[in-house]
Amino acid sequence: PVIMRNVLDACARHGAKLVFFDNVYMYGRVAGPMTEDTPMRPYSRKGQVRAQVAQMLLDDVAKGRVTALIARSADFYGKSPLSFASVMLFDKFAKGQAGQWMVSDQFKHSFTYVPDAGRATALLGNTSSAYNQVWHLPTDPHHLTGREFIHLAAQAFGVPPKYTVLKRWMLQMVGWFVPVVGQSMEMLYQNDADYIFDSGKFARHFDLRPTPYAQGLVEVAGLYGK
């Protein structure tokens, strides 16, 4: 919040436009697809902070202090250390090891392809009419279950679809010894139900289509030399 306050004040002082790249933590647990109109009902401490900084931006926009937009992404997939798909799946498949998944592989889980997120954020930032709104970045609308995503990834990497589903109690035990895992426990609600990200608004306004999962996963495997 302190950083956001300083950024907003600086933008107001210098007349600079702001493009804020965001995630979906502030929505909390959502029954059905997440859209730009989904109310902010955070389910975690991380979500409360995200809701606070987003509301600060929206309040300043409403007051006419700044010209800004929010670009939101689902969980990433790509060759990125910020993506749980990279750490738990791609990195392991690249080494011929069994992958891992969190809580359950039976629920649908949206992923935004990193290059799509970058291109779309740049496009929004260079489109005057896109400002003073919230946008969901383009994400393949064919929502896959964890199992389906894992099998597509294994096919792209040319390995058998071997993986372990780490249950909540297993992650909690790891969290006792690995602080970063322990701090992520409050976010596991994103893995024990469908996590569906809707980017239909972007599709209606821009001719930049999301990369299909099958194509994106082949491209990711190529980055690993597969």
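1. Trp101 and Phe111 are both buried. This is a predicted model. Across the whole structure, a search gives 19 aromatic pairs. Trp101 and Phe111 make one of them, edge-to-face, with 6.0 Å between centres and 65° between planes. Trp101 sits in strand S4 (residues 99–102) and Phe111 in strand S5 (residues 111–113), so the contact ties together parts ten residues apart in sequence.

2. The ring pairs build up into a cluster. Its members are Tyr77, Phe84, Phe90, Phe93, Trp101, Phe111, Tyr113, Phe149, Phe157, Tyr213 and Tyr224. Tyr224 also has a charge over its face: Lys79 lies 4.7 Å from the ring centre.

3. Now the nonpolar core. The largest one has 29 residues, and Tyr77, Leu89, Phe90, Phe111, Phe149 and Phe157 touch the most other members. At least two residues each come from helix H3 (84–94), S4, S5, helix H5 (146–157) and helix H9 (213–223). H3 contributes the most, with seven residues.

4. Salt bridges number nine in the structure. One network links Arg5, Asp9, Asp60 and Arg65. Within helix H1 (residues 2–14), Arg5 and Asp9 are four residues apart, about one turn. Their closest N and O atoms are 3.3 Å apart. Both are partly exposed: Arg5 has a relative accessible area of 28%, and Asp9 has 25%.

5. Arg5 also bridges to Asp60, with closest N and O atoms 2.6 Å apart. This pair joins distant parts of the chain, H1 to helix H2 (residues 45–62), 55 residues apart. Is Asp60 buried or exposed? Asp60 is buried, because its relative accessibility is 3% and the cut-off for buried is under 20%.

6. Arg29 has two contacts to check. Its side chain forms a salt bridge with Asp192 at 3.0 Å, N to O. Asp192 is in the loop between helix H7 (179–182) and helix H8 (200–205), and Arg29 is in the loop between strand S1 (18–22) and H2, so the bridge ties together parts 163 residues apart in sequence. The charged end of Arg29 also sits over the ring of Tyr43, 5.0 Å from its centre. Asp192 is partly exposed at 23% relative accessibility, as is Arg29 at 39%.

7. Last, the surface. Trp169, Met173 and Trp176 form a nonpolar patch with about 420 Å² of accessible area together. Trp176 belongs to helix H6 (residues 168–177). With a relative accessible area of 61%, Trp176 is exposed.

Conventions: Residues numbered from 1 in each chain as written. Predicted model: local features only at pLDDT ≥ 70, side-chain atom pairs only at ≥ 80, totals over all residues. Heavy atoms only, no water. Patch = residues over 30% accessible without salt bridge, like charges linked within 9 Å, V, L, I, M, F, W, Y side chains within 5 Å. Areas by Shrake-Rupley, 256 points an atom, 1.4 Å probe, with all protein chains shown as cover. Salt bridge = Lys/Arg side-chain N within 4 Å of Asp/Glu carboxyl O. Buried < 20%, exposed > 50% of the residue type's maximum accessible area, 1.4 Å probe, protein only. Phe/Tyr/Trp six-rings, centres within 6.5 Å; stacked < 30°, edge-to-face > 60°. Lys NZ or Arg CZ within 6 Å of the ring centre and 35° of its normal. Core = buried A, V, L, I, M, F, W, Y, C linked by side-chain atoms within 4.5 Å.
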